[in-house]
Amino acid sequence: MTIQSRFQLMFGLLLGAVVLASVVNIWAIRTVDRLTAVEAQRFESFRLADELRQSSDDLTRMARSFAATGEQHFRDYFRDILEIRAGEQHYPEGYSGIFWDFVIAENKVLQQGGTAPSFQERMRRLGFGEAEFAKLREAERNSNDLTRLEAQAIHAVVGEFEDDNGAYTVSGPPDQQLAVRLLFSKDYHLAKARIMRPIQEFFDLLNERTLAEAQAIEAQHRRFLIIAIVATLTAFALSGWAFLSLRSWVIRPLADLQHGIEAFRVSRSAVEIPHAARSDEIGVIAEGFQTAARDVASYIEDINAAREELARGQAELLEREERLRSLIEVSPLGFMVTRRNGDILLVNEALRDILGHAPGTDRLLATPSLYKHPEDRKRFLEQLQRDGSVTGFEVVLSRADGSDVWVVLHSKIIEFEGEAAIMTWVDDISERKRAEVDLQRRESQLRTVLEQIPAGVYLANADLEVEVCNGKFSEYYGFPDGLVQIGTRVPDLIRWLADRGNYPGEEPGAAVARRTAALTSGKFTVSEQSPPSGLQIQLAHVPTPDGGVCAIISDITERKKAEEELKRSEARVRNILETSPAGVAIVSYATDERIYCNRRFNEMFSGDPDRSLLGESIVDTFVSDQERQALLEQIVSNGYHHDAEAERKGLDGSTFWCLHSWRPVDFWGENAYICWHYDITVRREAEEEARAARERAETALAELKTLQGQLIQSEKMASLGQLTAGIAHEIKNPLNFVNNFSETSIELLDELKEALEPVVDKLDEDTRDDVEDLVETVAGDLQKINNHGKRADSIVKSMLLHARGGDPDRVMSPINGLVEEAFNLAYHGERARDSSFQAEQVLKLDESAGEARVVPQDITRVLVNLFSNAFYAVKARGREQASETYRPRVEAGTRDLGETVEIRIRDNGTGIPEEVKDRLFDPFFTTKPANEGTGLGLSMCYDLVVQQHGGQISVDSESGAFTEFVIELPKHGTL
């Protein structure tokens with residue numbers, strides 16, 4: 001394994017651990033926010049209950065003070081307390097238990113007028129459970145009863161007494177003793193105790209509920225913290241492993257290589273370089289240097305031997321010269337001595353070999369003819385004349401066979417045999433040049449690969465200078481041409497972005513300083529940005545061992561759009577549930593308490609759609625506990641409970657019949673059941689009335705079934721389509737009137753409420769409450785009529801769509817293209833609904849299938865419907881089996897049959913039971929759970945294929961194994 005592959009593996013694992021730790025920490029923070037919200041609600045609830053208790057004490061205090069002193073401001077304070085609690089006067093700032101102590105001490109006059117939420121309205125906003133709400137309302141009613149007793153005492157002090165209607169119109173002498181008896185009597189203290197008892201019971205209920213919620217959230221938070229700690233420790237362990245691996249694979253081998261180079265520099269002799277036997281990059285470098293050192297040491301030894309020969313005395317000159325010639329002959333470097341005009345005076349065998357001449361050739365051609373390019377010799381002679389010597393002059397020479405050879409010339413002007421001559425050493429560098437050309441080719445390939453990467457990439461050194469980058473980097477950030485080059489400093493690019501407002505709310509200099517510090521911190525970072533190009537990108541910085549940084553920029557624009565679409569989808573689902581005609585509830589598996597229910601469910605079991613049933617046990621809705629146990633056993637056994645009829649019990653004890661379905665779900669990390677309830681009481685009564693008539697018609701029904709089996713399926717579908725269209729058209733007109741007049745009536749009610757506002761205040765309190773309740777009830781009923789009318793309108797539109805005739809305009813269309821397009825549309829549609837869904841897609845298209853004369857839109861609708869059913873089936877089987885060996889798979893294929901073309905769609909999903917195959921193409925028949933299918937999809941497919949295009953459609957299936965639909969279409973029109 002190369003060093004690059006090892007480090008990619010290490011940093012990939014480290015990145016995964018860091019991402020996991022980050023995600024779990026975010027979940028932990030969310031649980032803390034939920035816990036904070038629960039505690040805040042708990043505090044506000046306690047404070048509100050205490051305010052009710054305190055207001056009762058304050059009323060008692062003001063009434064007794066007025067009875068004892070007769071001072072008018074105590075009576076005014078008494079009235080202010082009542083108006084604040086009823087929401088008829090603004091809520092004073094700092095209103096708490098000791099508020100009235102300061103008001104009485106300073107004899108303040110409160111600001112009059114204004115409105116504020118009443119005490120009951122504030123209770124509703126806090127979301128109390130029904131039992132808690134009932135206790136506070138009981139305490140409030142008892143407090144109001146005590147207030148009437150206090151009001152009698154206050155009026156008695158000023159000589160005002162009640163008449164037969166309860167109004168204080170009877171005048172008499174002030175009776176302070178009566179007021180004192182009323183305020184200190186046994187009845188008064190009993191009434192006071194009746195206020196405190198439900199408040200104390202409310203405290204107990206509230207404490208029990210909120211404490212349980214807080215404990216559940218804290219347990220979830222602890223689980224998240226444990227996972228985060230494990231992920232963080234894993235990241236630290238991977239970091240340690242990366243450091244040790246870096247030191248073992250790179251740092252120590254490089255240090256050993258440096259020591260070997262230092263030893264060679266000092267000794268100039270062959271040395272053994274550690275790690276030369278390794279197969280990675282460092283091994284290749286060490287082996288190459290070791291070979292070069294061995295060759296250079298050999299050259300140095302030869303040169304030293306030559307110098308020793310030259311140092312001998314003048315007497316051995318001839319012998320030394322002969323030895324010198326021998327040394328030159330055995331030198332691996334080419335050698336020659338030439339005159340200035342280019343005539344060659346001396347040449348060794350190595351040069352003959354380099355130039356491709358036979359061994360022993362006495363003379364070679366003059367040097368001007370050896371140069372491939374004459375201008376190279378001209379430059380060589382000019383440099384030699386100027387400097388007296390030339391070192392490392394690379395040039396191309398021509399060999400005897402006409403081929404080229406790259407050499408390096410090292411020349412010097414000397415005196416040879418009494419005349420000026422040029423001594424030249426020639427080193428063959430053709431292999432090196434070929435290696436350089438190969439290196440350039442590999443660099444070009446690397447650049448091509450880098451440009452094809454779908455992400456922007458750049459690599460900067462320790463000085464933050466760009467060493468490598470691709471075009472996507474400039475494209476994502478919108479850099480102009482020529483701005484990003486090799487050597488460009490990254491801080492300059494950050495300054496360019498900052499000057500164009502890429503970092504809003506931050507001064508450009510500060511933005512550059514902060515991001516430059518992050519680049520040089522040596523830490524792995526991931527961030528999201530919105531550059532001037534208008535894209536949403538993700539930027540990841542990875543530190544490099546040399547102190548630089550590698551940046552990877554990914555386009556996440558589509559992912560962001562998908563996240564926004566997911567949020568909108570969730571909102572649409574919630575709106576659908578709230579407007580559903582079925583009662584929907586989600587029940588906790590652990591506590592049997594409702595954690596979600598829609599308005600229809602509240603209405604079915606309490607009679608009031610606005611009455612929340614959250615937090616209450618679902619057990620109370622069952623008529624018997626045995627029925628509940630049987631339901632749970634069936635859910636555990638089958639994984640769901642589908643379309644069963646049962647008798648249910650409301651809060652008032654009354655019973656009704658409903659059609660209900662149950663299925664396990666994961667609700668925000670909690671195991672729960674989702675249940676649907678349809679009120680079928682009226683249908684059950686009608687069924688009882690029709691049972692007798694049905695028994696009388698059994699004989700006729702048997703005869704009809706015999707005749708029905710003889711009917712052709714296509715004629716049945718055509719008749720049903722016409723009937724559906726006729727019924728839908730007949731229903732649509734009165735349905736439009738219902739919808740329009742319900743909307744108009746709601747607007748008229750709004751106008752009525754505006755018209756009543758000036759006179760409502762003149763009515764007594766009971767009449768005003770009756771008027772408001774009546775208006776709100778009528779408005780709610782009209783809204784329900786409108787909602788159900790719109791639901792009925794959507795059903796009518798589906799019926800018309802099912803029954804409408806095909807478009808007569810048909811065109812020759814490529815069947816393979818229609819199949820592939822529909823396959824992709826259905827798969828991405830399922831992925832949009834459930835981002836976790838995965839399935840293997842297999843296309844087996846016959847290229848000879850060609851074209852067919854069809855309505856492309858209709859055939860696409862048929863194929864999308866069948867593909868969607870296939871994806872639904874494999875997804876359902878995956879939920880039911882939950883096996884690691886099961887792999888969802890959907891296949892689509894075409895085949896040329898001559899005058900017709902065949903389309904096959906096969907899945908390995910749940911399959912279709914044998915007993916329902918004959919009804920599969922009937923309108924409104926579906927095998928899906930309630931609210932998941934209309935029963936019109938396959939009926940529409942049959943109508944479009946058979947009735948509109950004259951084709952055939954059939955199905956083959958095995959329950960729990962597979963389902964395969966086969967469509968046969970004529971190529972040139974109706975068969």
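The legends below describe several close-up views of one predicted model.

The model is predicted, and local features need pLDDT of at least 70, while side-chain atom pairs count only at pLDDT 80 or more and totals for chains, interfaces and linings use all residues. Residues are numbered from 1 along each chain as its sequence is written, and side-chain values use heavy atoms, with hydrogens and water left out.

**View 1. Cysteines without a disulfide.** A disulfide is defined as a pair of cysteine sulfur atoms within 2.5 Å, and a search of the whole structure finds zero of them. For Cys658, the closest cysteine sulfur belongs to Cys675 and lies 9.3 Å away, which is too far for a bond. Cys658 is buried, at a relative accessible area of 0%, and Cys941 is likewise buried, at 0%; here buried means under 20% relative accessible area, exposed means over 50%, and partly exposed lies in between (1.4 Å probe, protein chains only).

View 2. The structure holds 31 salt bridges, each being a side-chain nitrogen of Lys or Arg within 4 Å of a carboxyl oxygen of Asp or Glu. In one of them, the side chains of Arg432 and Glu394 meet with 2.3 Å from N to O. This pair links distant parts of the chain, 38 residues apart, with Arg432 in helix H12 (residues 430–452) and Glu394 in strand E5 (residues 389–398). Helices (H or I, at least four residues) and strands (E, at least two) are DSSP runs, numbered from the N terminus. Both partners count as partly exposed, Arg432 at 37% relative accessibility and Glu394 at 31%.

View 3. The side chains of Arg648 and Glu627 form a salt bridge, at 2.8 Å from N to O. Arg648 lies in strand E15 (residues 641–649) and Glu627 in helix H18 (residues 625–638), so the pair ties together parts that are 21 residues apart in sequence. Which of these two partners is buried, and which is partly exposed? Arg648 is buried, at 0% relative accessibility, whereas Glu627 is partly exposed, at 23%. Elsewhere, salt bridges that share partners join Arg895, Glu902, Arg904, Arg906 and Glu964 into one network.

**View 4. A salt bridge between Arg339 and Asp343.** The closest N and O atoms of Arg339 and Asp343 are 3.9 Å apart in this salt bridge. Arg339 counts as partly exposed, at 28% relative accessibility, and Asp343 is also partly exposed, with a relative accessible area of 28%.

**View 5. Positive phi in two loops.** Leu464 has a phi near 60 degrees, a positive value in a residue other than glycine, and Leu464 is placed in the loop between strand E8 (456–460) and strand E9 (466–469). Asp592, which is not a glycine either, has a positive phi of about 65 degrees and lies in the loop between strand E13 (583–588) and strand E14 (594–597). Leu464 is buried, at 4% relative accessibility, and Asp592 is buried as well, at 16%.

View 6. Tyr476 is found in helix H13 (residues 471–477) and is buried, with a relative accessible area of 4%. Although Tyr476 and Leu535 are 59 residues apart in sequence, they are 7.0 Å apart in space, C-alpha to C-alpha.
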